[in-house]
Amino acid sequence: QVQLVESGGGLVQPGNSLRLSCTASQDSLSAFDMGWFRQAQGKEREFVATIPWRGDDAFSADSVKGRFTGFRDSAKNMVYLQMNNLKPEDTAVYYCAAGIGAWGSDPSRYNHWGPGTQVTVSS
């Protein structure tokens with residue numbers, strides 16, 4: 001079981017930026033497609049971004065396109081979600097996920113999940 005850990009969440013004002021990080025302390029993520037998902041209180045978990053194990057086919061959900069970007073630094077065994085121009089509706093718990101061949105927006109294809117990190121956007 002790959003143990004993922006997210007970090008970087010917090011309280012931020014609308015219009016500001018945050019960068020979330022995800023790593024696995026005891027495993028290499030190099031072979032895994034990675035995903036970011038979020039779940040707001042009372043709502044279903046939704047796709048945010050996916051980052052392939054290699055290549056340039058990362059993409060984000062339409063709801064965050066142009067504001068959120070997922071990327072990885074394989075040398076550091078880290079995956080990131082850069083979030084710019086945050087809005088109150090971005091408030092949610094953000095999850096990092098990993099899976100072999102999981103690239104895409106379907107959460108069922110990701111086998112490993114982190115515990116999540118809270119992002120709150122409020123003035």
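This is a predicted model: local features need pLDDT of at least 70, side-chain atom pairs count only at pLDDT 80 or more; totals for chains, interfaces and linings use all residues.
In the hairpin of β7 and β8, where 4 residues lie between the strands, asparagine 77 adopts a positive phi near 60°; strands here are DSSP runs (E, at least two residues), numbered from the N terminus. Residues are numbered from 1 along each chain as its sequence is written, and side-chain values use heavy atoms, with hydrogens and water left out.

Strand β8 (residues 78-83) is mostly covered, with 6 of its 6 residues buried, where buried denotes under 20% relative accessible area, exposed over 50% and partly exposed the range in between, for a 1.4 Å probe and protein chains only. Strands are taken to pair if DSSP finds at least two bridges between them. Strand β3 (residues 18-24) runs antiparallel to β8 and is joined to it by 6 bridges, leucine 20 having leucine 81 of β8 as its bridge partner. Strand β7 (residues 68-73) is likewise antiparallel to β8, with 6 bridges between them, and here phenylalanine 71 is partnered by tyrosine 80. Tyrosine 80 also has arginine 19 over the face of its ring, at 5.6 Å from the ring centre; such a placement requires NZ of Lys or CZ of Arg within 6 Å of the ring centre and within 35 degrees of the ring normal.

The structure holds 1 disulfide, a term applied to a pair of cysteine sulfur atoms within 2.5 Å. This disulfide joins cysteine 22 to cysteine 96, with an S to S distance of 2.0 Å. The pair links distant parts of the chain, cysteine 22 lying in strand β3 and cysteine 96 in strand β9 (residues 92-99), 74 residues apart. Because the torsion about the S-S bond of cysteine 22 and cysteine 96 is about -75°, the disulfide is left-handed, and both cysteine 22 and cysteine 96 are buried.

Aromatic pairs were assigned to rings of Phe, Tyr and Trp (its six-membered ring) with centres within 6.5 Å, planes under 30 degrees apart counting as stacked, over 60 as edge-to-face and the rest as tilted. By this rule the count comes to 8 aromatic pairs. The rings of phenylalanine 47 and phenylalanine 59 have centres 5.5 Å apart and planes at 50°, so this pair is tilted. Phenylalanine 47 lies in strand β5 (residues 46-51) and phenylalanine 59 in strand β6 (residues 59-60), so the pair ties together parts 12 residues apart in sequence. Phenylalanine 47 is buried at a relative accessible area of 13%, whereas phenylalanine 59, at 31%, is partly exposed. Tyrosine 110 and tryptophan 113 form an edge-to-face pair, 6.4 Å centre to centre with 65° between the planes; tyrosine 110 is buried at 4% relative accessibility, while tryptophan 113 is partly exposed at 24%. Arginine 45 lies over the face of tryptophan 113, at 4.7 Å from the ring centre. Ring pairs link Phe37, Phe47, Phe59, Tyr95, Trp103, Tyr110 and Trp113 into a cluster.

Over the protein chain as a whole, there are 0 helices and 11 strands, helices being DSSP runs of H or I of at least four residues. Buried residues make up 45% of the 123 residues in the protein chain.
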